[in-house]
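Visitor: I'd like to go through this one by question and answer. Can you put it up on the screen first?

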Amino acid sequence: MKNPKDSDAWKELLLLSAEFKHDDFSLAQLFEDDDRFDSFSVSHESLLLDYSKNFVSNESFAELIQFAEHMQLPAAINALFAGEKVNGSEGRAALHTALRAPDNEGGNKEVSACLNKMESLVKAVHSGSWKGFSGAEITDVVNIGIGGSDLGPSFVCDALADFSTGKLQLHFVSNIDPAHLDNTLLNLNPATTLFLVASKSFTTLETKQNAEAAKAWLLESAPSTDSVKHHFVAITTNANAAKAFGIDEQNLFPMWDWVGGRYSLWSAIGLSIALSIGMDRFRQLLAGAHSMDRHFQSAELGRNLPVIMGLLSVWYSGFFAAQTHAVIPYSQRLQQLPAYLQQLCMESLGKGVDKNHESVNINTGEVVWGAPGTNAQHSFFQLFHQGTQFIPVDFIAFIESCGIGADAQERHEQLLANCLSQSLALMEGKSSSENSYQDIPGNRPSTTLLVDKLDPYNLGSLIALYEHKTYVQSVVWNINPFDQWGVELGKSLSSEIFAAIQDSSSAANFDQSTANLVSRIRNHPA
């Protein structure tokens, strides 16, 4: 694959981007074309993508599509779904899409068996037939994991709280900071608590330490170590380590090398989700994601939601020097979406070497950030409107309200009005003849995703949309989105520093800064 900058399409896009950088350019004036919304919006089922308030014309959009074709995006999409080794540095496929493919469309037998096993556990816990060591039913579930084993399940459980069966309280522990686990366990009863240890390797430091601490907490009240099998479930590839921990073989759920952590909520890693909303609704979540998979695989590039969103990010980072990208959900239920997308996007796209083992010479991987509207309007939106940085924004809103109060619909319509007014204000701005401090320049691009309602199916589709958007960016930039060697380095170094904190003689080979920080920690009075 060639360097993206070597293509004629890149050079043409560089010229076309200039038309949006003139002092007299007006994004609002593009709407003098009465067909602009129809030309620059596309729907898939309940999702409407309006990208008409972006720096695109018919000519520049067509060139972006040609650029994607030059970078062989259609072939890359086919390779992803065909199970080819798209994770080249680790020699693996990335078949997270197989986790949500139904049986009648050639679904994976191992995945189907895992889903059935998940269903059995969920039914046992919900019905009360799963008993703790005292014979009491389970009331609380604690998911112990980190990264994709925490961010995805935690986000989805929060987003779909209105669909909870109400039978269980879900808790999530990820941080090795003792305060996280200790505060979570403070008001729980060991006899009625079930722990899900979500770790692909069962050796991840944070998860292993928290699992051991949770086990010790349980055994302070339990009659014997045999009680562990009534209170611990593991999702892992390392069955031997899980069994050595004390987890019964019947309580082990598989993971596979062809599923990366940040793409794993669709697997048994999503067991906490299934326990929260029930297995039928978990399958609806999978079905929504599969629907987006089918769209991504079959829709023409110019009408393909993930392709369009991915190309817009490439356009802004490559030709407008955008360093960040804001995602603003106008839904309190999606408050964890920005954090979830931070791992998905920045761990996937934060790469400085391409597939040819050459240093990249383009911007890859924006800083993704955001918070729910309307809260965000009263914190960092000032930067959007009058700041000097170029920040494309995704607005996400749901037409139907999740509220239940008598005036919930009116309040929800106020929420929607705020969402639409912010994108309008970013585009139009405002001139003040009296005070330059009040000038709001406008010409700030944004994209709006309008969804009929928040439910498991539509949420699955929305998450898959961002997964595939990320893949599109990686293909066009010619980087591997499925490895994370930078994360691995930090993990390996932490063990050396931990040894030095325990034993001062181990710090001999550290730099002055690290050695002195370790010394300060060691010498701090207990």
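This is a predicted model: local features need pLDDT of at least 70, side-chain atom pairs count only at pLDDT 80 or more; totals for chains, interfaces and linings use all residues.

Visitor: Does Asp38 count as buried or exposed?
Guide: Its relative accessibility is 55%. The cut-off for exposed is over 50%. Because of that 55%, Asp38 counts as exposed.

Visitor: Which residues gather with Asp38 in a patch of negative charge?
Guide: The patch sits on the surface.

Visitor: How many bridges join strand β1 to strand β2?
Guide: β1 covers residues 41-44 and β2 covers residues 47-50, and the two run antiparallel. Across the pair, Ser43 stands opposite Leu48 in β2. The number of bridges that join β1 to β2 is 4.

Visitor: What is phi of Glu45, in the turn of that hairpin?
Guide: Most residues other than glycine have a negative phi. Glu45 is not a glycine, yet its phi is positive. The hairpin of β1 and β2 has 2 residues between the strands, and phi of Glu45 in that turn is about 50 degrees.

Visitor: Which residue in β11 stands opposite Leu49?
Guide: β2 also pairs with strand β11 (residues 446-451), in the antiparallel sense and over 4 bridges. Opposite Leu49, the residue in β11 is Leu449.

Visitor: How many residues apart in sequence are the parts that Glu105 and Arg294 tie together?
Guide: Glu105 and Arg294 form a salt bridge, with the closest N and O atoms 3.8 Å apart. Glu105 lies in the loop between α4 and α5 and Arg294 in helix α12, so the pair ties together parts that lie apart in sequence by 189 residues.

Visitor: How far apart are the closest N and O atoms of Arg411 and Asp407?
Guide: Side chains of opposite charge can pair when their charged atoms come close. Asp407 is partly exposed, at 40% relative accessible area. Arg411 forms a salt bridge with Asp407, and their closest N and O atoms are apart by 3.1 Å.

Visitor: What is omega at the cis peptide bond that joins Gly373 and Thr374?
Guide: Most peptide bonds are trans. The bond that joins Gly373 and Thr374 is cis, and Thr374 lies in the loop between β9 and α15. Omega there is about 15 degrees.

Visitor: What separation do the C-alpha atoms of His378 and Gln323 have?
Guide: His378 is found in the loop between β9 and α15, and it is exposed, at 71% relative accessible area. Along the chain, His378 and Gln323 are 55 residues apart. Their C-alpha atoms are separated by 23 Å.

Terms used:
Residues are numbered from 1 along each chain as its sequence is written. Side-chain values use heavy atoms; hydrogens and water are left out. Patches are made of residues with over 30% relative accessible area and no salt bridge: like charges are joined within 9 Å, nonpolar side chains (Val, Leu, Ile, Met, Phe, Trp, Tyr) within 5 Å. Accessible areas come from the Shrake-Rupley method with a 1.4 Å probe; for residues, only the protein chains shown count as cover. A salt bridge is a side-chain nitrogen of Lys or Arg within 4 Å of a carboxyl oxygen of Asp or Glu. Lys and Arg count as positive and Asp and Glu as negative; His and the chain ends are not counted. The place of a charge is taken as NZ of Lys, CZ of Arg, CG of Asp or CD of Glu. Buried means under 20% relative accessible area, exposed over 50%, partly exposed in between (1.4 Å probe, protein chains only). Two strands pair if DSSP finds at least two bridges between them.
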